[in-house]
Amino acid sequence: MEENNIHPEETGLADELNQCIQYTLASQGQRFLNWLIDNLLMRFALSYLSAYVVGFVMAKLFPEYMLRIIYSKDRSDLLLIGFIIVIFNYLVYYTFCEKVFKGYTLGKLITGTRVIREDGQELTFKDAFLRTLSRLVPFEPFSALGFKPWHDSWTKTIVVKAR
């Protein structure tokens with residue numbers, strides 16, 4: 001006798017269910033706290049740790065170069081290295097957290113919010129990465145003063161209350 005297994009994704013039942021689920025959008029205050037907590041973590045913990053590691057590795061691999069840029073009056077090399085570290089941390093932190101932790105970063109976890117796609121699904125790696133890249137656009141943080149920040153509208157994502 002043949003079993004008749006019906007999978008929700010085959011019948012469209014999952015799509016109908018997702019349309020029925022109502023989400024409460026995170027408030028601007030919650031979103032500001034998310035930004036503040038995540039940026040403090042990145043600037044004070046992640047940046048110091050990664051700058052120390054990069055400095056240590058560069059001193060081992062390129063000692064003459066490191067001595068030259070440390071004692072030089074021209075700080076453009078140090079600024080460039082620092083800028084690259086900050087961008088790298090930003091990309092890794094937000095992309096990794098929002099994908100691996102199912103829409104949560106430390107800030108979102110503390111405020112009880114998470115990011116999902118507008119269709120109610122979890123973020124894909126592509127969604128998380130594009131969302132993070134969108135945050136790097138100059139003046140993007142000011143877009144949060146309106147209804148929906150660019151990193152949400154461009155990637156079709158929303159931040160919702162999780163509890």
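1. Start with the pair H4 and H5. Their axes come within 8 Å and cross at roughly 110°. H4 and H5 are therefore roughly perpendicular to each other. Tyr65, Arg68 and Ile69 of H4 make the contact with Asp77, Leu78 and Ile81 of H5. By class, that contact has four nonpolar, no polar and two charged residues. Some terms: axes are lines fitted to C-alpha atoms, for helices over the stretch in contact, with angles from 0 to 180 degrees between N-to-C directions. Angles under 35 degrees count as roughly parallel, over 145 as roughly antiparallel, 65 to 115 as roughly perpendicular and the rest as oblique. Contact means heavy atoms within 4.5 Å. Ala, Val, Leu, Ile, Met, Phe, Trp, Tyr, Cys and Pro count as nonpolar, Asp, Glu, Lys and Arg as charged, and the others, Gly among them, as polar.

2. A note on the source. The model is predicted: local features need pLDDT of at least 70 and side-chain atom pairs pLDDT 80 or more, while totals for chains, interfaces and linings use all residues. Residues are numbered from 1 along each chain as its sequence is written, and side-chain values use heavy atoms, with hydrogens and water left out.

3. Now the whole chain. It has eight helices and two strands. Along the sequence the pattern is α-α-α-α-α-α-β-α-α-β. Helices (H or I, at least four residues) and strands (E, at least two) are DSSP runs, numbered from the N terminus. Of the contacts with a separation of 6 or more, 66% join residues 24 or more positions apart.

4. Surface and burial. The chain exposes about 11300 Å², and carbon and sulfur atoms supply 68% of it. Areas come from the Shrake-Rupley method with a 1.4 Å probe; for residues, only the protein chains shown count as cover. Buried residues make up 31% of the 163 residues. Buried means under 20% relative accessible area, exposed over 50%, and partly exposed in between (1.4 Å probe, protein chains only).

5. H3 against H4. The axes of H3 (residues 28-61) and H4 (residues 63-71) come within 5 Å and cross at roughly 120°. H3 and H4 are therefore oblique to each other. H3 brings Gly55, Met58, Ala59, Lys60 and Leu61 to the contact, and H4 brings Pro63, Tyr65 and Met66. These residues divide into six nonpolar, one polar and one charged.

6. H5 itself. It covers residues 76-100 and reaches 35 Å from its first C-alpha to its last, close to the 36 Å expected at 1.5 Å a residue. The expected span is 1.5 Å times one less than the number of residues. Buried residues of H5 include Ile81, Ile85, Asn89, Tyr93 and Cys97. Their cover includes H3, H4, helix H6 (106-111), strand S1 (113-117) and helix H7 (125-135). Just after H5, lysine 102 takes a positive phi of about 55°.

7. Serine 47 sits in H3. Serine 47 is buried, at a relative accessible area of 16%. Leaving aside neighbours within four places in sequence, serine 47 is in contact with Met42, Ile85, Val86 and Asn89.

8. Leucine 36 lies in H3 and has a relative accessible area of 31%. Leucine 36 and glycine 107 are 71 residues apart in sequence and 7.6 Å apart in space, C-alpha to C-alpha. Valine 92, in H5, has a relative accessible area of 40%. Valine 92 and threonine 132 are 40 residues apart in sequence and 8.8 Å apart in space, C-alpha to C-alpha.
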